[in-house]
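Here are my notes for a colleague who is reading this model for the first time. Please keep the structure open beside them.

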Amino acid sequence: LSLAGCRDVSDVGLEVLLARATAIETLNVSWCDVTDRGLVPLGALADSLTSLDLSGCAALTDRGVSALLRRCPRLQRLLLEGCRELSGWALALPESAQLCQLSLSGASLVTNAGVGALARACGSLTALTLRQCCVISDAALFALAHYCPNLVELDISRSGSVTDRGVVGLALGCGRLEALQLEGHTEVTDVGLRALAEHCGRLRRLNLWVCNDVTDAGLVALATACGELRAVDVRLCTRVSDSTVFALSAHCPQLEALRAERAGSLSDTALHLLASRCPRLELLDLGMQADMISDTTLYSLAESCPRLAHLIVAGCMNLTDAGTMALCRGCRELSVLDVGGCTGLGEETLRALARHCPRLTVLNVDSCVNAVTEEGLLSLARSCELLGSLNLRHCSQVSEACLELVRSLLFGHIQVRH
């Protein structure tokens with residue numbers, strides 16, 4: 001049962017709804033007006049409820065969540081994102097032992113001690129999100145490594161201060177990790193990556209966005225040891241270059257996503273090898289690689305990566321219509337394309353998208369003044385019925401009358417920036 005986003009649903013409404021319910025396994029009341037009082041009637045679902053989403057119910061407290069867990073000991077999945085008043089201690093109960101998936105993202109009162117307490121109680125955890133829990137540090141990772149050896153997914157993005165010591169400890173204790181989000185932890189270096197390479201060979205997804213002290217050396221070691229990698233995010237890792245891409249190409253043939261916006265300089269040569277060796281690529285972010293990337297990369301993607309659905313090449317000024325036309329012919333699953341600032345593109349780009357990419361949902365042609373014509377936009381609107389977001393900033397040649405017609409053709413279901 002999902003009531004997600006129904007802000008008019010309050011404690012009273014939830015009580016009335018559940019008065020006749022006896023066997024609900026999954027309940028989503030995220031972003032409803034639910035407080036501790038609204039959790040009381042959930043006790044009627046004690047024998048059936050295994051999954052509960054309370055994200056965005058900001059008035060919840062530790063006391064209410066503790067009472068909930070005592071009433072519903074079969075809960076295995078509990079999402080509490082954005083519940084800012086929670087500290088983690090609410091979960092330090094014997095009744096929490098069955099929890100496998102837990103999210104406390106944005107719970108600003110969560111501390112190292114709170115993480116330690118919930119880790120001791122929730123030894124069966126396989127997925128934990130502590131994103132933007134601002135006061136945790138390496139000590140939290142040590143507790144997880146000690147008490148939660150079955151952890152498979154961990155998100156500690158932009159949470160407190162985590163260093164190599166914490167990552168090494170985590171790797172030693174949680175060798176089954178498959179997904180790790182370390183976004184924003186600028187004190188993580190190649191030392192942490194080498195520990196992951198040595199102890200976490202099952203790793204599939206790694207987010208290092210803004211971890212600007214990691215280098216090719218650590219990522220090459222990781223790619224060599226973790227051949228099942230599916231997604232890597234090295235945005236703003238300015239010391240990463242072709243060597244990382246060569247290693248991913250050689251050892252990670254199942255790679256599906258690479259984000260490298262504003263990473264170190266990448267070349268057509270490395271990206272050609274990536275496309276040819278990783279044909280399952282679905283997402284590639286090469287934003288702001290400036291004059292390093294040319295049509296050669298687009299030709300490679302068109303030839304080898306038919307699943308490509310999400311491509312960001314914003315700011316790559318050497319691209320021309322020849323490359324985008326080839327891309328559209330070869331990658332007909334494209335749903336997101338960002339060519340903002342690619343000033344070398346002409347009007348054939350929109351025509352090719354209209355002709356070959358009916359699944360397109362998001363298009364950014366910011367500042368592509370030579371690519372955007374009213375004729376091209378109307379052709380796009382007629383052919384790409386799923387288009388929901390269009391960025392035309394700095395394309396002043398497009399009239400408001402044309403934009404109104406585009407909106408009409410798409411039944412108003414489009415956001416246009418102009």
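**Notes on helix packing, cysteines and a loop residue**

1. In this predicted model, α14 and helix α15 (residues 400–409) pack at an angle of about 10°, with their axes 9 Å apart. Helices here are DSSP runs of H or I with at least four residues, strands are runs of E with at least two, and both are numbered from the N terminus; axes are lines fitted to C-alpha atoms, for helices over the stretch in contact, and angles run from 0 to 180 degrees between N-to-C directions. The angle makes α14 roughly parallel to α15, a term that covers angles under 35 degrees.

2. The residues that meet are Glu374, Leu377, Leu378, Ala381 and Arg382 in α14 and Cys402, Leu405, Val406 and Leu409 in α15, where contact means heavy atoms within 4.5 Å. By class, this contact has seven nonpolar, no polar and two charged residues, with Ala, Val, Leu, Ile, Met, Phe, Trp, Tyr, Cys and Pro counted as nonpolar, Asp, Glu, Lys and Arg as charged, and the others, Gly among them, as polar.

3. Helix α13 (residues 348–356) packs with helix α14 (residues 374–383) at an angle of about 15°, and their axes are 8 Å apart. That makes α13 roughly parallel to α14. On the α13 side the contact is made by Leu350, Arg351, Leu353 and Ala354, and on the α14 side by residues including Glu375, Gly376 and Leu377. The residues of this contact divide into five nonpolar, three polar and two charged.

4. How many disulfides does a search of the whole structure find? The search finds zero, a disulfide being a pair of cysteine sulfur atoms within 2.5 Å. The sulfur of cysteine 211 has its closest cysteine sulfur in cysteine 237, 5.8 Å away, which is too far for a bond. Cysteine 342 is likewise in no disulfide, and the nearest cysteine sulfur, that of cysteine 316, is 5.6 Å away.

5. Cysteine 211 counts as buried because its relative accessibility is 0%, and cysteine 342 counts as buried at 0% as well (buried means under 20% relative accessible area, exposed over 50%, and partly exposed in between, with a 1.4 Å probe and protein chains only).

6. Leucine 109 lies in the loop between β4 (101–103) and α4 (112–121), and is partly exposed, with a relative accessible area of 42%. Leaving aside its neighbours within four places in sequence, leucine 109 is in contact with Arg84, Glu85, Leu86 and Ser87.

7. On conventions, residues are numbered from 1 along each chain as its sequence is written, and side-chain values use heavy atoms, with hydrogens and water left out. Local features need pLDDT of at least 70 and side-chain atom pairs count only at pLDDT 80 or more, whereas totals for chains, interfaces and linings use all residues.

Methods:
Angles under 35 degrees count as roughly parallel, over 145 as roughly antiparallel, 65 to 115 as roughly perpendicular and the rest as oblique.
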